[in-house]
Amino acid sequence: MIAAQRLPNTLLSRLLATLFHFPDTTSSLLSSLACKQFTMPGDQIRLLALDGGGVRGLSSLMILRRLMETADPESPPKPCEYFDMIGGTSTGGLIAIMLGRLGMTVDECIDAYTSLSDKVFEKKRHRVKISGKLQGRFDAAELERTIKQILRDRGHDEDELLKDVGAPCKVSPRSDNSDLLNSTTIWQACRATSAATTFFDPIAIGPFDEEFVDGALGANNPIFNLWHQAEDVWGDQLPTKLHYVVSIGTGIPNLRPVRDDALHIWATLQDLATETEKTAQRFHRDKSSLDDEGRYYRFNVDRGLEDIGLEESRKKKDIAAATRRYVESQTVFKQMQACANNIATREYHGPYRTVFSLLGVPVSKNFVGRPSDTAEIDRCLLPRRSRSQNSQQRKIFVLHGLGGIGKTQLAADFARRHKATFSSIFWLDGRSEDRLRQSLAGCAKRIPQAQIPERSWTGVASSEADLDIIITDVLDWLAKPDNFDWLLIFDNVDQDHKQGNATSAFDVLRYLPSDHGSALITTRLSRLEKLGNAKQLKKTDENLSKAIFEQWYNGELVMDEHGKKLLELLDGLPLALAQAAAYCRETECNMTSYARLYEKQWDDLISSDVRSDSPPVDDNEQRVGTTWMISFKAIEKNNKGAANLLRLWAFVANRDVWHGLLEPAADRQEQWLEGLPEMACDEVQFLKAIQILRSYSMVEAQDSVPGSYIIHPVCLYIKVETTGYFSVGFSRM
């Protein structure tokens, strides 16, 4: 196996070589670890594994090229600039040397590899020597000549050592055989890793003429070898520091022997035909958490290469066509986008780093990811490693959709996943201009003290003039020419400033400084999609709806007629799904009974709308309102104080509530609703009420604010009347 690696503790390139011996044979496998300089700061580890596959190695290079182009369309990078370690077996090892030790671009590697395959895989030889030993089918001397020509074309001496003795490259052995490492040339290493049984003759290298054959038999997919090499370098830190591992195959072959092979090696080659995918599946099982966390990607053409032998160089057009079909398929396209986003992003290590905080954002322990939706946000907003002018221009993504569809949670998930990538993430309350200005001014104290005027860092906004000064200072800081990796999240921008009756509406662009940085806007206003890239967040499909319900229900939703009917009633609205599931969990209500409750409550709400003077609500608000009322009635029956706390919540028209809000009730108990004075005097009673509300998915804890809780703005608000009764309406999401 050949592997190219960067050690994070140094900025020097290294070449490490390891010698593996097969105890039951006279042959051995040469595996080298080539290390390339990597200048990006940070300690995240990125691995690339390349399968062996003869001429089909062109397929893996085409996949890698598409990956690099997707990561940076303007200037596709060299793999040695983006990966810390590149490992390959057989011809995959040859490619690893080209990409790592020689520092080629993918296009340069494709040119060299196709030239090599044209010359080498057409030279047929006799199969059996006079001694009766099996002879390599192809001309090893031609392979040697071609590799040396590639070296000369790249400005290297044809006998240059694998060990890079010239500065800044250093070499240290990874085996006890330092004599071998110090004497092996690049072309010899290429020959050793390519010397597959029946294809090329073994090669004797080193001061003692030790004979080597390719180790691809039984290890054509080098993923485990690469992982073990990485463990040797990074030790126990590998699982936590690993950013991603990419494994690229050379196609799933057919179970047929290579033509005119000797009979006694047929069984071995037959095993080799499926070994790569078996190894991939075993690695996926053993490291399943990597896949769950989006840190493992496997690409391998699944059809079209079955009948192309490892040696059939004249079928390059077929290889290219099959690979192109594969990478353009919808499933692979999405996977490649996600992988490329991972590759292209970088951790921020500049002077404008601020402490990460999502003040006022609900924390949902039952969040269910939506990969296809988040991939689009990632692709638009994440800072790239490329420092081209276009990469520093302002990026805006508008996430719009119905209330309760999951926009806020998706934005919060994006912020939490990529908090190390951005220099700063500021969460702004967009429900009104006043709230926006207050939250923007609150960001001042998170900015490094020396980078903002003292008046704003230590001052308190006691007047509108003070507030204007602080906001100006924050916007000036964001507008600094070299401060362009920040993210502003404008949440719930739902009032249209172009409509004269919206008195608290505002123009988002007024609060976007300069022409750089990134902004994520969540809104119900589809008109705002004109501000930049946009996505309408739609209702969840049946599978995702089922996953959300089960996450909150803490159990399986049986998809019989009752389960399907319930999902149909909830109509793919995440908030309604969460509230319904929480109710069923807390009350042990079955799906049939809940569907009956839902239909009755729906009819009651429709009737109340008809009788009232309030504007009618749409069906989606009605669905959330129905699940909300079912849960509210259960809460009121169980704990009157918890229900009255919700009434108070709506009355003060505040999204967040904390125990201190109830303190006035301790002195004027006769004027407060049942249960609230007791909560004001005893925080334990308050926490018990909050626990009930959280268990029914009515409220969530606030991120970064211990003891403070938040209600979803789309939920029904309760308006307290003098009689103690309440009417139901909807706040605008």
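User: Between which strand and which helix is the place of serine 90?

Analyst: This is a predicted model, in which local features need pLDDT of at least 70, side-chain atom pairs count only at pLDDT 80 or more, and totals for chains, interfaces and linings use all residues. Residues are numbered from 1 along each chain as its sequence is written, and side-chain values use heavy atoms, with hydrogens and water left out. Helices (H or I, at least four residues) and strands (E, at least two) are DSSP runs numbered from the N terminus. In these terms, the loop that holds serine 90 runs between β5 (85–88) and α3 (91–101).

User: Is serine 90 buried or exposed?

Analyst: UniProt, in an unreviewed entry, lists Ser90 together with Asp214 under "active site"; its positions are given in the numbering used here, feature names are shortened, and annotations may be inferred rather than shown by experiment. A residue is buried under 20% relative accessible area, exposed over 50% and partly exposed in between (1.4 Å probe, protein chains only). Serine 90 has 7% relative accessibility, so this residue counts as buried.

User: Which residues of strand β15 point the other way from Ser518, Leu520 and Thr522?

Analyst: In a regular strand the side chains alternate between the two faces of the sheet. Strand β15 covers residues 518–523, and six of its six residues are buried. Ser518, Leu520 and Thr522 point one way, and the residues that point the other way are Ala519, Ile521 and Thr523.

User: Which residue of β15 is the bridge partner of phenylalanine 490?

Analyst: Two strands pair if DSSP finds at least two bridges between them. β12 (residues 395–401) pairs with β15 in the parallel sense over six bridges, and leucine 399 stands opposite threonine 522. β14 and β15 also pair in the parallel sense, over four bridges. In that pair, the partner of phenylalanine 490 is isoleucine 521.

User: Is glutamate 588 buried or exposed?

Analyst: Glutamate 588 is in the loop between α21 and α22 (591–611). Its phi is positive, about 60°, although it is not a glycine. Aspartate 571, in the loop between α20 (561–570) and α21, also has a positive phi, near 55°, and at 23% relative accessibility it counts as partly exposed. Glutamate 588 is at 73% relative accessibility, so it counts as exposed.

User: What pLDDT does the chain average, and how many contacts beyond four places in sequence does the model have for residues 166–176?

Analyst: pLDDT is the predictor's confidence in each residue, from 0 to 100; the chain averages 76, and 72% of the residues score at least 70. Where pLDDT is low, the predicted coordinates should not be read in detail. A contact means heavy atoms within 4.5 Å. Over residues 166–176 the pLDDT stays under 50, and the number of such contacts beyond four places in sequence is 31.
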